[in-house]
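Have a look at the picture first, then read on.

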Amino acid sequence: MRNILLLSAVSAALAASSGLAPRPATIEATVLDQRGSPVEGAVVFAISGAVESPPAKTVEMTMKGMEFDPAFSSVSVGDSVSFPNQDSTHHHVYSFSKTKKFDSRLYKDGAPKVVEFDKPGLVTVGCKIHDWMKGTILVTPSALRAVTGKDGKAELRMQAGPSVKLGVYHPRLRGKPEKHDQEITLKDGKGAAAWKLPLKKESSGGKRPHKVYY
Ligand SMILES: [Cu+2]
């Protein structure tokens, strides 16, 4: 009787939290483009159902050669991005994005602008002086993310409940990323997710390709 009571107390506590205790899980993700070719450099990330809270970190998006370098970066909620200026001219970095609005002073040397991201979503950054400078920051709900390789595949390992909601993003993705969110049911700690994403064409012409970091 005592054991049964204890068990029901434990299951009630678990039901109250996540439904089932988190356990090690692996999700194999495959990202293809609209023609069915593997997509390299897509970020697959957990939105809910998984557990992880590593310490917050700061990454750099340098202004260099009159560009943001890298032009794309992914961070987690709680992380910060610093914008050092390595050019010999002044820059004025800003964002009008709903996820995070900010505005730096005009600066060249000295302490760079540092912005902490407190909400998940996409942030487009620009420079008020140089219109062509454009950067994108993907803020994911946690650090549980992986980037697809040449074969379009990525593996996510985590502590997770019975199902995990996943999101996907690529710097050339057309339309709203939320449209591609998927709920993945795990079986024996394993799950699979697959996407066919509508991508914009790679920019061609004289511009050098932007570096991307994850
Ligand atoms: Cu500038």
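## A parallel pair

Three bridges connect E3 to strand E7 (residues 80-83), and these two strands run parallel. Strands here are DSSP runs of E with at least two residues, numbered from the N terminus, and two strands count as paired if DSSP finds at least two bridges between them. Val59 has Val81 in E7 as its bridge partner, while Glu60 stands opposite Ser82 in E7.

This is a predicted model, where local features need pLDDT of at least 70, side-chain atom pairs count only at pLDDT 80 or more, and totals for chains, interfaces and linings use all residues. Residues are numbered from 1 along each chain as its sequence is written, and side-chain values use heavy atoms, leaving out hydrogens and water.

## An antiparallel pair

How do E7 and E10 run? They are antiparallel, joined by four bridges. Here Ser82 has Val114 in E10 as its bridge partner.

## The whole sheet

Put together, the three strands form an open sheet in the order E3-E7-E10, with mixed pairing. Strand E3 (58-60) and strand E10 (113-116) are the edge strands, each pairing on one side only.

E7 is covered on both faces: Ser80 and Ser82 on one side, and Val81 and Phe83 on the other, are all buried (under 20% relative accessible area, with a 1.4 Å probe and protein chains only).

Notes. Buried means under 20% relative accessible area, exposed over 50%, partly exposed in between (1.4 Å probe, protein chains only).
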